[in-house]
Amino acid sequence: MYNETNVYKNITSHEKREYLSVLQQESTIAFIPTFVYIGLLAMVGIPGNSLVIIVYLTKMTMKPLSIFIINMAVIDLITCLVILPGILYFLLHMWDFNDPPTCQFFFALITLLVMSSALMLVSIAIIRYMKMCHPFKKQVTLRQTKFICSINVFLATVVSIPNGILQGKHSRQTQNPNIVGYSCKVDDSYVGTIWPTLNSGFFFLLFLVASFIVTFCYVRIGCVIRRHGKNVNQMNYLSATTKISKNAEKQHKDLKVTDLRIITHKQNCSTFGIENESESVVEPVTFSDIIDINTETMSSNSTNTNVENYNVEKSISTDSPGRDDFSDNIALDDFIIKQRFTPSYSKHVPVINKHRKQLNRTHLMMLTVTLVFFLGFLPFLGLNVLLAVSPETVASLKGWSLAMYQLFLESYLVNCAANPIIYSLMDQKFKDISIKMFKIKL
C-alpha cells in the first residue's frame, strides 16, 4: 500500500490526472464489449420487465406463481434502471475513483437484488415440488406467498450488508511508481485479510446449496411428469377403447338379428374383429362388458368410490374458482387415471391432456428461467474466486484478456433481460395479452 503523501511528492495533480486519464482510455477501449452488452440488457430489460409487471399485475389472475414473477420483474427492472448505469459509471472511473460510500452502497444493492432473485427461484422450485410431488399436503396460499417474498428480500438484505462493508477505495499500481490509481473494489483496509476470502467462500457455498435444492426439486418434478405421461397414454388408450365399444354397441342394436355379425374382443382390448356368419356363434361384446373390464381394478368400497368420483369430477373442472398454475398438479391426474378411471370419464381426457400440456409449459418456462440465472452466475462466481485467490493475475490483465474478464464478470446480469423473452416465448397467455395490448395502442 502506498502512502499518498509520498506518492505525489514530485508529481503535480495535473500530471497525475493526465497519466490516469491515459490509463482510463486504454481500459475504456477494452470495455467496449461490456458497454455493448450492458446497453443491450437495458434496451431489452427496461421495456420487457415493465411489460411483465403490467400484464401479470393487471391482466392475469393473481396466483402464487404470478406473485413470484412480478417480484422478480421488479427486481430485474431496478437492476436495469440503477445497476446497469452504475456499472458504466464505475467502469469509466477505474483509475480515478474517490467515493467509498457510494461504492459500498452500490455493491450492497447489487448483492441484495441478486440474492433476492436467487431466493425467489429457490422458493418457486420448492413450492412446485410440493404441489406436484405432495399435492395432498398443505400448500401455500397467496398470503403466504407474499410473506415468503418479503422474507426472501429481508434475508438478501442481511446477506448484502457484509459484502457492502468490504467495498471501498481500492488502490491500483501503475507503471509509474509515484502514481497510484483507485477503483471501486475491496477497500485497502481489508486487502490482505481473511474477510474477502470468507466473503467469496460464503457466496460460493450459498450457490452450491441453492443449486442442489433447485436441481433436486426439478429432477423430482421431471420424474413425476414422465410417469404422468405414461398414465395419460393409458387413459387415451382406454378412452379410445370406450369409443370403439360404443360404436360397436350402436351398430349391434341397429342390425337385424339375422344380419348380426359376431364381434369379438381381442386380448389387448384395442381392436374388434368381425367373424363370418358361418363360424360358431359367440356372445357379442357390448359396452357394458368393456365397463366391467375397465373397472376390475377399482376399489370394492362403492360408497367411497361414488363420493370420491364426485370430488374428482369437480376437481378437474376448468371453471373452478381460484384455480392457478400450481393447482393443475400431476399427482391429482394420476389419481384420476389409476384409481377412478372408467369409460364415463372419457369426456375428461381432453381436459386432462390440456392441463398436462399447460403444466409442462409452465414447468419448462420456470426451469429455463432458473437455468439462465444459475448458468449466468457461474462465470461471475468463478472470476471472483480467481480474484480472491490470485489478485495479481487479475491486476495484470490488459487488452483482449481484460475485455473478456470484464464481460464475463457481468454475466450474472443476463437474467434481467432474458426473463421477459422467456415469458413471451413460453407463456402463451402472456404473449396473447401483450400482442392485444400493442394492437390496441396501434
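Is Cys223 buried, partly exposed or exposed? Cys223 counts as partly exposed, at 44% relative accessibility. The points below start from the cysteines and move to the helices and the core. The model is predicted.

1. **The disulfide.** The structure holds one disulfide. Cys103 and Cys184 form this bond, with an S to S distance of 1.8 Å. The torsion about the S-S bond is about 90°, so the disulfide is right-handed.

2. **What the bond links.** Cys103 sits in helix α5, residues 100-133. Cys184 sits in strand β2, residues 180-186. The pair therefore ties together parts that are 81 residues apart in sequence.

3. Cys103 is buried, at 0% relative accessibility. Cys184 is buried too, with a relative accessible area of 9%. The cut-off for buried is under 20%.

4. **Cys223.** This cysteine is in no disulfide. The nearest cysteine sulfur belongs to Cys133 and is 8.3 Å away. A disulfide needs the sulfur atoms within 2.5 Å. At 44%, Cys223 falls in the partly exposed class.

5. **Cys416.** Cys416 is in no disulfide either. Its nearest cysteine sulfur is that of Cys80, 3.8 Å away. The 2.5 Å cut-off explains why this pair is not counted as a disulfide. Cys416 is buried, at 2% relative accessibility.

6. **Annotated spans.** An unreviewed UniProt entry places the feature "transmembrane region" at residues 35-57, 69-92, 104-127, 147-166, 202-221, 364-387 and 407-426. These positions come from the record, and such annotations may be inferred rather than shown by experiment.

7. **Two of those spans in the model.** Residues 104-127 are 100% helix and 0% strand. The end C-alpha atoms of this span lie 34 Å apart. Residues 364-387 are likewise 100% helix and 0% strand. Here the end C-alpha atoms lie 35 Å apart.

8. **The core.** The largest nonpolar core has 82 residues. Ile83, Ile87, Leu413, Tyr423 and Phe430 touch the most other members. Helix α5 gives the most to this core, with 18 residues.

9. **Contacts of Ile87.** Which residues does Ile87 touch, not counting residues up to four places away in sequence? They are Ile38, Phe106, Glu410, Tyr412 and Leu413. Leu413 is itself listed among the core residues that touch the most other members.

Terms used. Residues are numbered from 1 along each chain as its sequence is written. This is a predicted model: local features need pLDDT of at least 70, side-chain atom pairs count only at pLDDT 80 or more; totals for chains, interfaces and linings use all residues. Side-chain values use heavy atoms; hydrogens and water are left out. Helices (H or I, at least four residues) and strands (E, at least two) are DSSP runs, numbered from the N terminus. Buried means under 20% relative accessible area, exposed over 50%, partly exposed in between (1.4 Å probe, protein chains only). A nonpolar core is a set of buried Ala, Val, Leu, Ile, Met, Phe, Trp, Tyr and Cys residues joined through side-chain atoms within 4.5 Å. Contact means heavy atoms within 4.5 Å.
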